[in-house]
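This report is meant for a reader meeting the structure for the first time. Please look over the sequence and the model before reading on.

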Amino acid sequence: VALVSLTTDFGMRDEYVGVMKAVILGIAPGLAIVDISHQVTPQDRQQAAFLLKNAYPYFQSGSVHVVVVDPGVGSQRRIVAMNFDGHYFIAPDNGIFSLLLEGRAPQKLVAVDSRDWFLPQVSRTFHGRDIFAPVAARLASGKPLEELGTTLAVETLHHLPPPCPPQRGREHIAGSVVQVDHFGNLTINIDHGLIKEIENVAPSADLKIHIADQVIRGLSSCYADAPVGTPLALVGSRGLLEIAVNQGDARRFFGVARGEAVRLEW
Amino acid sequence: VALVSLTTDFGMRDEYVGVMKAVILGIAPGLAIVDISHQVTPQDRQQAAFLLKNAYPYFQSGSVHVVVVDPGVGSQRRIVAMNFDGHYFIAPDNGIFSLLLEGRAPQKLVAVDSRDWFLPQVSRTFHGRDIFAPVAARLASGKPLEELGTTLAVETLHHLPPPCPPQRGREHIAGSVVQVDHFGNLTINIDHGLIKEIENVAPSADLKIHIADQVIRGLSSCYADAPVGTPLALVGSRGLLEIAVNQGDARRFFGVARGEAVRLEW
Amino acid sequence: VALVSLTTDFGMRDEYVGVMKAVILGIAPGLAIVDISHQVTPQDRQQAAFLLKNAYPYFQSGSVHVVVVDPGVGSQRRIVAMNFDGHYFIAPDNGIFSLLLEGRAPQKLVAVDSRDWFLPQVSRTFHGRDIFAPVAARLASGKPLEELGTTLAVETLHHLPPPCPPQRGREHIAGSVVQVDHFGNLTINIDHGLIKEIENVAPSADLKIHIADQVIRGLSSCYADAPVGTPLALVGSRGLLEIAVNQGDARRFFGVARGEAVRLEW
């Protein structure tokens, strides 16, 4: 049984997500659909790519991942599909793929232009229903990507720079908050590989994490390492530095939002 | 594999929706359940019918659509089921069917009164669990509608007038906002057929759409036709006139809510 | 087809729930997953247990119920699994089981410690993904609970007292609000058995329900028994006393929250 994942900014109030699922299941009955999120901030391609990048490796290979964060729906913007890292991805060509690829190359990249994969009637306001859903269902049913459209060179993709790359100094890294989760935990763009390198030159207890004029000393290994209500830093489940408050909300504790600067010193 | 859709005002915080799904899957294992919305405004039958009316045509025929917006649960109000347009529908007899039918006739309409289709114990506060879920599961499993209860004449249905029908003048149509979606897009009760008629007598660039003391000139064909942050009007994915702000929120832009008057002039 | 239910405090914005589902379906394709709630108040074990206790009896026996409300993730706290009342349950050992069991004994209780049931890599911040999901999938696939870990005595479980037990007097019961639902209905910790006893000594029309300096007289049998906008009390779908406002929001009407005292007099 193939899997299809959905990542959109549609919210859950309207019929939009249900309609996409109906279209998918009408074409590919028995297929399983997994919601990654429908609460991406409207039009936020960075956030959509971030959530999907964290999620897709946990899906079985051959899964089909659909991203509909698509302010350009119905305009000249292309829709693109690719086979990458053993998975299929479909998204508007608006930078989402460049964020997913991070400079790596897909096995195959095509323009989604074979109209016989679409619903018979294609609106100019809801391609999630009319194009993305039926295309995902047919890919998940085994129809070959090659037949979906003309092959594209990866260089032709709309390119978005990754958000705020961290700046490494001699004895510090300057990063920033890239995502605030439901608990108020702050995910920082400093990954576990970088932290491992630092731990080779400085014990993790000596690290200082600066945020919003406050300092957290040392890295914890789980939330409960800090007293309840106290801030801590650790490597979170996304493999990135995370600032949290044990049983609390770090966003409120520090009064910060996405983009906030974080400085790691040793 | 049959499909069951759910449209309720239950929200997603409590166990209510999960319990309905457990009952359905206990009776009809392997059946697929699609959520249309659980965020219908409490008791809002107009909104529930509107969402379902937009959604059901995208489901395969033979699907079973359950609506539980049911302030009269446990009182003398009836529950009704019908075969209409190739689909099955179950709802309280509180006007939802009259909104779905819009004057058309169902193929078959019955009172839901065969207690052997229900759970053994029927509460007076949660018929979604005790009646709607098991009835939907049995219908989806192929049990014939005829056995569910006594046939009803469509005239006996509780009737609700459709919300605010648009008023057509010589050179204008007076309509109103019937739904505000997650993006803040405003759906107006003026459908694409009416707009096509107008485009026969006046070029769509000459149309003026009045809302909240402001005027939008001409119809766009997709959101990106207007500059970012600018309002526009187009025929939306529901086949109705829609007022949006490109990459913005028209509800906030105009400071309006459902019911707001919209005037289309040519 | 086995069922897996999920009850978490993860919310729906992040990829966390979708990732758990991907892991489950990767191990047990074709299995059905039912969300009970992902909007448990963060860290609120009482609420998670309350929702699950109301929901699980409606699932087919043999279902696997996963609760991830887990502030101690990655610390020394154990994860436990049990066979109870014909169902399987997996949760952190933080009191959730004691709330579910209410003094009754499980058929079998084990520590979740067989690492070959887990994902190969286990983080210290997201056991929902790395432990709970794969364990649930394997249990639902028929792997025997005995092989999951060492048998535990029920006395070794972390114990949480049930929230605010009601106090019974000669002619009153003092209880409290244990849950406020999406509609604003107030669920009180006074169950239908207790109410039945009272109705044996006093007619239900003579009951007085005191809340927030106001009094509701008599028990209704459904919401529509009271005029629209008027408060009422009845036995709700959870088998507990419930205070509601017909087509309104009792939480706002009375200005109360969970924990509010309720006094039933006769």
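## A strand residue, a sheet and related copies

In this predicted model, Ile216(C) belongs to strand β11 of chain C, which covers residues 214-217. With a relative accessibility of 6%, Ile216(C) counts as buried, because the limit for that class is under 20%. When neighbours within four places in sequence are set aside, Ile216(C) is in contact with residues including Leu207(C), Lys208(C) and Ile209(C), and also with Pro231(C), Leu232(C), Ala233(C), Ile243(C) and Phe254(C). Asn246(C) lies 30 residues from Ile216(C) in sequence, and the C-alpha atoms of the two are 13 Å apart in space.

| Residue | Relative accessibility | Class |
|---|---|---|
| Ile216(C) | 6% | buried |
| Cys222(C) | 0% | buried |
| Cys222(A) | 0% | buried |

As for cysteine pairing, a search of the whole structure over all chains finds zero disulfides.

Six strands of chain B form an open sheet with mixed pairing, in the order β2-β1-β3-β5-β4-β6. The edges of this sheet are β2 (32-37) and β6 (108-111) of chain B, each of which pairs on one side only. Direction ignored, neighbouring strands of the sheet are turned by 20° against each other on average. Strand β1 of chain B, made of residues 3-8, pairs with β2(B) in the parallel sense over five bridges, and Leu3(B) stands opposite Ala32(B), a residue in β2(B).

Helix α1 of chain B, residues 16-27, packs on this sheet and touches β1, β2 and β3 (64-68) of chain B, while its direction makes about 155° with that of β1(B). Helix α2 of chain B, residues 45-55, lies across β1, β2, β3 and β5 (87-92) of chain B and runs at about 130° to β2(B).

The copies use different surfaces, since 3% of the contact residues of chain A recur in chain C.

Technical notes: Residues are numbered from 1 along each chain as its sequence is written. Chains are lettered from A and ligands numbered from 1 in the order in which they are written. This is a predicted model: local features need pLDDT of at least 70, side-chain atom pairs count only at pLDDT 80 or more; totals for chains, interfaces and linings use all residues. Side-chain values use heavy atoms; hydrogens and water are left out. A disulfide is a pair of cysteine sulfur atoms within 2.5 Å. Buried means under 20% relative accessible area, exposed over 50%, partly exposed in between (1.4 Å probe, protein chains only). Two strands pair if DSSP finds at least two bridges between them. Helices (H or I, at least four residues) and strands (E, at least two) are DSSP runs, numbered from the N terminus. Axes are lines fitted to C-alpha atoms, for helices over the stretch in contact, and angles run from 0 to 180 degrees between N-to-C directions. Contact means heavy atoms within 4.5 Å.
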